[in-house]
Amino acid sequence: MTKPRVPVIEGMFREDEDGTGRLLGGRCPKCGASFFPKQWSFCRNPACGGTELDDVELSTRGTLWSFADNRYAPPPPYPSREPFEPYGVAAVELAEEQMVVLGQLAAGTDVTTLALGREMELIVEPLYETDDAVHTVWKWRAI
Ligand SMILES: [Zn+2]
């Protein structure tokens, strides 16, 4: 039996049938500023004063702004997988939204092949599995 795939955090992203996904953000209709995650009921642009944010799906492609190769488990009390598996972290700049979104690098990404400015694409992958579900999160994949 195939386990259902469920997002680790509700409301931050959605997954499509083909494994691609979209980040769910907010955009201020007054000044055009974008926010992710959409967690505020007012625009954070201090020069704006807008009090409503529209629901928007963010761009699925951006350029690599920074990245790191995380080879050590975080110290307690932070949880980590047992046994710890190294993973990469990427900060990807979305041109249209003028923002940087953090995420893990896709499984199997060789960080030695990455360079700043590389085009990256959003995907949805498993983060961990429990008895009844595969818990998913958004990640960045080099293209
Ligand atoms: Zn605004």
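The structure is a predicted model, in which local features need a pLDDT of at least 70 and side-chain atom pairs count only at pLDDT 80 or more, while totals for chains, interfaces and linings use all residues. Residues are numbered from 1 along each chain as its sequence is written.

The chain has 0 helices and 10 strands, where helices (H or I, at least four residues) and strands (E, at least two) are DSSP runs, numbered from the N terminus. Read along the sequence, the pattern is therefore β-β-β-β-β-β-β-β-β-β. The C-alpha atoms fill a box of roughly 50 × 35 × 35 Å when it is taken along the principal axes. Two residues are said to be in contact if their C-beta atoms, placed from the backbone, lie within 7 Å; among the contacts in the chain with a separation of 6 or more, 51% are between residues 24 or more positions apart.

Two strands pair if DSSP finds at least two bridges between them, and strand β10 (residues 134-142) pairs with strand β1 (residues 5-7) in the parallel sense over 3 bridges. Within this pairing, Pro7 has Thr136 of β10 as its bridge partner. Strand β8 (residues 99-105) also runs parallel to β10, and 2 bridges join them; in β10, Trp140 is the bridge partner of Leu105, and Lys139 is the bridge partner of Gln104. Strand β9 (residues 119-129), by contrast, runs antiparallel to β10 and is joined to it by 9 bridges, with Val124 standing opposite Trp138. These two strands, β9 and β10, form a hairpin that has 4 residues between them.

Strands β7 and β8 make another antiparallel pair, held over 6 bridges, in which Ala90 stands opposite Gly103 of β8. They too form a hairpin with 4 residues between them, and the turn contains Gln98.

What lies inside? A residue is buried if 20 or more other C-beta atoms lie within 10 Å of its own, exposed if 12 or fewer, and partly exposed in between, with the C-beta atoms placed from the backbone. Of the 143 residues of the chain, 22% count as buried. A nonpolar core is a set of buried Ala, Val, Leu, Ile, Met, Phe, Trp, Tyr and Cys residues joined through C-beta atoms within 7 Å. The largest such core has 16 residues, and those with the most contacts inside it are Leu23, Ala90, Val92, Val101, Leu122, Trp138 and Trp140. At least two residues of this core come from each of β7 (87-94), β8, β9 and β10, and β9 gives the most, with 4 residues. In soluble globular proteins, nonpolar side chains tend to be buried together.

Val111 lies in the loop between β8 and β9, and is partly exposed because 17 other C-beta atoms lie within 10 Å. Although Val111 and Val89 are 22 residues apart in sequence, they are 9.5 Å apart in space, C-alpha to C-alpha. Apart from its neighbours within four places in sequence, Val111 is in contact with Phe67, Asp69 and Gly88.

The last details concern the backbone. Most residues other than glycine have a negative phi, and most peptide bonds are trans. Gln98, although it is not a glycine, has a positive phi of about 55°; this residue lies in the loop between β7 and β8, and it counts as exposed because it has 10 C-beta neighbours inside 10 Å. The peptide bond from Phe36 to Pro37 is cis, with omega near -10°, and Pro37 has its place in the loop between β4 (34-35) and β5 (54-57). Another cis peptide bond joins Pro76 and Pro77, where omega is about 10°, and Pro77 is found in the loop between β6 (61-70) and β7.
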